[in-house]
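Take a look at the sequence and the model, then read on.

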Amino acid sequence: MVTKQFNGSPEDADLRRADSLAREIFSDVANKWAFLIIEALGERTLRFTELRDEIEGISHKMLTQNLRMLERNGLVERRVHPTVPPRVEYTLTESGQGLRATVDAMCGWTQRYLSHIEAARRRFDA
């Protein structure tokens, strides 16, 4: 996978620029499955199956793709224990914990405004 390189310019951190590294990272992590994985891990370390059981509706393929993407971006640490069969565990890194604060705030916002959003949708769809 080709990725943009951070060279310290302000353009690299500008989400409004289509060619910025920040936009690429934002595009990676700003999806429902990534947010739900981050929320599920929280302060815990979980195995793949435990994560899949925590996140209703996620397929094996989507969980695998999103865990790889989160690991690639340094948000999740994957630890393989040399047992038979191998035991693989996932935990949030320091930067993953930092993003978790934002994810938690978004979850809180969703819960707080759920009835408002539902009412707006009913009005819109009428």
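Leaving aside neighbours within four places in sequence, Asn-66 is in contact (heavy atoms within 4.5 Å) with Asn-31, Trp-33, Ala-34 and Ile-37. Asn-66 is found in helix α4, and at 5% relative accessibility it counts as buried. Buried here means under 20% relative accessible area, exposed means over 50%, and partly exposed is in between, with a 1.4 Å probe and protein chains only. Please keep in mind that this is a predicted model, in which local features need pLDDT of at least 70, side-chain atom pairs count only at pLDDT 80 or more, and totals for chains, interfaces and linings use all residues. Residues are numbered from 1 along each chain as its sequence is written, and side-chain values use heavy atoms, with hydrogens and water left out.

**The setting**

- The UniProt record, an unreviewed entry, places the feature "domain: HTH hxlR-type" at residues 18-118. UniProt positions follow the numbering used here, feature names are shortened, and annotations may be inferred rather than shown by experiment.
- Over residues 18-118 the chain is 63% helix and 15% strand, and the end C-alpha atoms are 32 Å apart.
- Helices (H or I, at least four residues) and strands (E, at least two) are DSSP runs, numbered from the N terminus.

**Helix α4**

- Helix α4 covers residues 60-72, which makes 13 residues. From first C-alpha to last it reaches 18 Å, close to the 18 Å expected at 1.5 Å a residue, where the expected span is 1.5 Å times one less than the number of residues.
- The buried residues of α4 are Leu-63, Thr-64, Asn-66, Leu-67, Met-69 and Leu-70.
- What covers these buried residues includes the helices α1 (21-29), α2 (32-41) and α3 (48-54), along with the strands β2 (76-81) and β3 (87-92).
- Just after α4 comes Gly-74, with a positive phi of about 75 degrees.

**Helix α2**

- Asn-31 caps the N-terminal end of α2, with a side-chain oxygen 2.9 Å from the backbone nitrogen of Trp-33.
- Trp-33, Ala-34, Ile-37, Ile-38, Ala-40 and Leu-41 are buried in α2. They cover an arc of only 165 degrees around the axis, which puts them on the same side of α2. The arc is that of the directions from the helix axis to the C-beta atoms.
- An α-helix has 3.6 residues a turn, so residues three or four places apart point the same way.
- Gly-42 follows α2, and its phi is positive, near 50 degrees.

**Helix α1**

- In α1, the buried residues are Leu-21, Ala-22, Glu-24, Asp-28 and Val-29. Seen down the axis of α1, they fall within an arc of 160 degrees, so they line one face of the helix.
- Cover for the buried residues of α1 includes α2, α4 and α5 (94-125).
- Which residues does Asp-28 touch, not counting residues up to four places away in sequence? They are Met-69, Arg-72 and Asn-73.
- Asp-28 and Glu-118 are 90 residues apart in sequence and 28 Å apart in space, C-alpha to C-alpha.

**The strands**

- β2 and β3 run antiparallel and are joined by 6 bridges; two strands pair if DSSP finds at least two bridges between them.
- These two strands form a hairpin with 5 residues between them, and His-81 stands opposite Arg-87 in β3.
- Pro-85 lies in the loop between β2 and β3, and the peptide bond from Val-84 to Pro-85 is cis, with omega near -5 degrees.
- Strand β1 (residues 45-47) also pairs with β3, in the antiparallel sense, over 3 bridges.
- β3 is mostly covered, with 5 of its 6 residues buried.

**Thr-91 in β3**

- Thr-91 is the bridge partner in β3 of Thr-45 and of Glu-77.
- The side chains of Thr-91 and Thr-45 are also joined by a polar contact of 3.4 Å. A polar contact is a pair of N or O atoms within 3.5 Å; within protein, one must be able to donate a hydrogen and the other to accept it, and residues adjacent in sequence count only if both atoms are side-chain atoms.
- Not counting residues up to four places away in sequence, Thr-91 touches Leu-41, Arg-44, Thr-45, Leu-75, Val-76 and Glu-77.
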